[in-house]
Amino acid sequence: MPWEANTVVAVRIDVGPSIMLQSGAWFDFAAPHASPFTVEDIAHGLAHICRYSGQCREFYSVAEHSLLVSDVATGFEFEALMHDAAEAFLGDITRPLKQMLPDYKRIEGEVERAIFSRFGLQTPMPREVKQADLRVLAAEQRQIMPRGTDEWLRGLDVVPAPVTVRNLSSQEAKRAWLERFEALFSQRSRVNPLRSAR
């Protein structure tokens, strides 16, 4: 993909467009596998991004959503915690808009593969995680979105998950996400996860 340097503002161009992460590392969208991002960069990004393009009643982070999906996806808790990790660098693009952006979906796939590879996850995500994600989506829409948002549920075999949205602050969500990551990653690797992830 050709990059037009003179049309890009507030980014660094090396191999491709890059953004500065909260850790001070640069994330290169054209070379995500080579980018030195940390697990804390992921937690920080997810905790500061509001779902539903910010159109929910109160701030509700992608990090809190990921925690809820992790609660529901029994046997796949770590995969569920990480299922939206790419959004830490890409933002949370709503599903209808994402369907109109084939280039975005390709870039998202590359970023996702880079993250999953770094933390020992397989692609694609297990079906159980996708099902848990839908169940949490159904539950949270009923709690924090205007009436009628969950009309897509009609005729589908999707039972809303028994979860409660707490509208955690960014700081609370980041801390909870990192704690869950450490516990689950430790179980998988039997090593210090934060050290190995960095």
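**Entry 1: Lys 98**

I began with Lys 98, which has 16% relative accessibility and therefore counts as buried. My cut-offs are these: buried is under 20% relative accessible area, exposed is over 50%, and partly exposed lies in between, with a 1.4 Å probe and protein chains only. I note that this is a predicted model, in which local features need pLDDT of at least 70, side-chain atom pairs count only at pLDDT 80 or more, and totals for chains, interfaces and linings use all residues. Residues are numbered from 1 along each chain as its sequence is written, and side-chain values use heavy atoms, with hydrogens and water left out.

I placed Lys 98 in helix H5, residues 95-98. Helices (H or I, at least four residues) and strands (E, at least two) are DSSP runs, numbered from the N terminus. I then listed what Lys 98 touches, leaving out residues up to four places away in sequence: Glu 87, Ile 93, Tyr 104, Lys 105 and Glu 108. A contact here means heavy atoms within 4.5 Å.

**Entry 2: the whole chain**

I counted nine helices and three strands in the chain. Along the sequence I read the pattern β-β-β-α-α-α-α-α-α-α-α-α. The chain has 198 residues, and 46% of them count as buried.

**Entry 3: the strands**

I looked at strand S2 (residues 17-20) and strand S3 (residues 26-28). They run antiparallel, and three bridges join them. Strands pair if DSSP finds at least two bridges between them. I found that Met 20 has Trp 26 of S3 as its bridge partner. The hairpin of S2 and S3 has five residues between the strands, and there Gly 24 takes a positive phi near 100°.

**Entry 4: helix H2**

I turned to helix H2, residues 62-72. It is largely enclosed by the rest of the structure, because 10 of its 11 residues are buried. I noted the buried residues of H2, among them Val 62, His 65, Leu 68, Val 69 and Val 72. What do they pack against? I found helix H1 (39-48), helix H3 (77-82), helix H4 (87-90), helix H7 (127-144) and helix H8 (170-189).

H2 and H8 pack at an angle of about 40°, and their axes are 9 Å apart. The axes are lines fitted to C-alpha atoms, for helices over the stretch in contact, and angles run from 0 to 180 degrees between N-to-C directions. The crossing of H2 and H8 is left-handed. That is the case if the near helix is turned anticlockwise from the far one by less than a right angle; clockwise would be right-handed.

On the H2 side, I found Ala 63, Glu 64, Ser 66, Leu 67, Ser 70 and Asp 71 making the contact. On the H8 side are Ala 173, Ala 176, Trp 177, Arg 180 and Leu 184. I sorted the H2 and H8 contact by class and got six nonpolar, two polar and three charged residues. Ala, Val, Leu, Ile, Met, Phe, Trp, Tyr, Cys and Pro count as nonpolar, Asp, Glu, Lys and Arg as charged, and the others, Gly among them, as polar.

**Entry 5: aromatic rings**

I searched the whole structure and found 10 aromatic pairs. Rings of Phe, Tyr and Trp (its six-membered ring) pair if their centres lie within 6.5 Å; planes under 30 degrees apart count as stacked, over 60 as edge-to-face and the rest as tilted.

The ring centres of Phe 78 and Phe 181 are 5.6 Å apart and the planes stand at 55°, so I logged the pair as tilted. Phe 78 is in helix H3 and Phe 181 in helix H8, 103 residues apart, so this pair links distant parts of the chain. Phe 78 has 3% relative accessibility and counts as buried. Phe 181, at 0%, counts as buried too.

Next I checked Phe 119 and Phe 185. Their pair is edge-to-face, with 6.2 Å centre to centre and 85° between the planes. Phe 119 sits in the loop between helix H6 (102-118) and H7, and Phe 185 in helix H8, 66 residues apart. Both Phe 119 and Phe 185 are buried. I could then draw a cluster: ring pairs link Phe 78, Phe 119, Trp 177, Phe 181 and Phe 185.

I found Ala 139 in helix H7. At 4% relative accessibility, Ala 139 counts as buried. Beyond residues up to four places away in sequence, Ala 139 touches Pro 160, Ala 161 and Val 163.

I found Gly 45 in helix H1. Gly 45 is buried, with a relative accessible area of 12%.
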